[in-house]
Amino acid sequence: MTNEVLQAIAGRNSCRDFTGEPLTDAQVNALVDAALAAPSAMNAMPWHIIVITDKKLLDELDKACIDHIAATDPDTHARMKDRGGKVFYNAPCLIVIAKNNSGWATLDAGIVSQNIALAAHSMELGNVICGLARLGFEGEAGKEWTKRIQMPDGYTFAMSVCIGRANKGKDPHELNRDKVTYIN
C-alpha cells in the first residue's frame, strides 16, 4: 500500500549538509502550519514555535553549541568536527520547539518536530531533527539565548529542526524489522 504520506515517511532522511540558500516566506509559512497542525494531548498545544532565519544569529547559536560540546564531550566534538564543525550544518532555517512543563509536553513537541520534518521532506527540503541545539540553552549562557530567541517565560527547549536545501542527497536508513514484535 503506497500513498503520498507513506512515500514521504519512507523517503525522508537526515540532512547534514545544507546549501545555505534561504527559504521563501511561503516555505516557512507552510512549515509553521505543519507544526501547528500537530496533535497534542487534550489539544493543550504545550509548545511555542520559534522560527530563526537570521543567519548571524544562527551562526552565533551554532558556535555556542559547538563550544559547549568542546568543553563537555570530546567524542561528540570530534564527530561534529568530522561533519564540518557545525551543529546546524549551514541550514538557513532553524525551527525551535519550546515546551511548557505540562506532563505530555515532551511527547507533543516530538510530534511537532516530526510534522515539520515530514512537511519539509514533502517540499523537497532537506532537514534534520536536531536535539543538540539544546546545548545552547543550558547553563548561564542558555538564559541569555532563551531571551535572544524570545522564548516565552515558563518554556524550555524541547527540540529543533534544521531545514534548507540539501547539498547532496542521501538514502533513508534501512528498515530494521528486528525492532518489531507482533502479538496476534
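Helices here are DSSP runs of H or I with at least four residues, strands are E runs of at least two, and both are numbered from the N terminus. This is a predicted model, with residues numbered from 1 along each chain as its sequence is written. Local features need pLDDT of at least 70 and side-chain atom pairs count only at pLDDT 80 or more, while totals for chains, interfaces and linings use all residues; side-chain values use heavy atoms, with hydrogens and water left out.

**Stop 1: two positive phi angles**

Select Asn43, in the loop between helix 2 and strand 1 (47-52). Asn43 is not a glycine, yet its phi is positive, at about 55°. Is Asn43 buried or exposed? Its relative accessible area is 52%, so Asn43 counts as exposed. The classes are buried for under 20% relative accessible area, exposed for over 50%, and partly exposed in between (1.4 Å probe, protein chains only).

Tyr89 is buried, because its relative accessibility is 7%.

Stay in that loop between helix 4 and strand 2 and pick Ala91. Ala91 is buried as well, at 5% relative accessible area.

**Stop 2: the aromatic pair**

The structure holds one aromatic pair. Select Phe137 and Phe157: the pair is stacked, with 5.5 Å from centre to centre and 10° between the planes. Rings of Phe, Tyr and Trp (its six-membered ring) pair if their centres lie within 6.5 Å; planes under 30 degrees apart are stacked, over 60 edge-to-face, and the rest tilted.

Which parts of the chain does the pair link? Phe137 is in the loop between strand 3 (126-129) and helix 6 (139-148), and Phe157 is in strand 4 (residues 156-164), 20 residues apart. Phe137 is buried, with 12% relative accessible area. Phe157 counts as buried too, at 12% relative accessibility.

**Stop 3: salt bridges**

How many salt bridges does the structure hold? There are eight. Each is a side-chain nitrogen of Lys or Arg within 4 Å of a carboxyl oxygen of Asp or Glu.

Begin with Glu21 and Arg165, whose closest N and O atoms are 3.8 Å apart. Glu21 lies in the loop between helix 1 and helix 2 and Arg165 in the segment after strand 4, so this bridge ties together parts 144 residues apart in sequence. Glu21 is partly exposed at 42% relative accessibility, and Arg165 is partly exposed at 30%.

Move to helix 3 (residues 55-72) and select Lys55 and Asp59. Their side chains meet in a salt bridge of 3.1 Å, N to O. The two residues are four apart in the helix, so about one helical turn separates them. Lys55 is partly exposed, with a relative accessible area of 39%; Asp59 is partly exposed at 32%.

Further along helix 3, select Lys63 and Asp67, also four residues apart and separated by about one helical turn. Here the N to O distance of the salt bridge is 2.7 Å. Lys63 counts as exposed at 52% relative accessibility, whereas Asp67 is partly exposed at 39%.

Then show Lys56, Glu60 and Arg148, which are linked in a network of salt bridges.

**Stop 4: surface patches**

Switch to a surface view. Patches are made of residues with over 30% relative accessible area and no salt bridge; like charges are joined within 9 Å, and nonpolar side chains (Val, Leu, Ile, Met, Phe, Trp, Tyr) within 5 Å. Accessible areas come from the Shrake-Rupley method with a 1.4 Å probe, and for residues only the protein chains shown count as cover.

Select Arg16, Arg79, Arg83 and Lys170, which gather in a patch of positive charge. Lys and Arg count as positive and Asp and Glu as negative; His and the chain ends are not counted. A charge is placed at NZ of Lys, CZ of Arg, CG of Asp or CD of Glu. Arg16 sits in the loop between helix 1 (4-11) and helix 2 (25-36). Arg16 is partly exposed, at 33% relative accessible area.

Finish with Val5, Leu6 and Ile9, which make a nonpolar surface patch of about 260 Å². Ile9 lies in helix 1 and counts as partly exposed at 46% relative accessibility.
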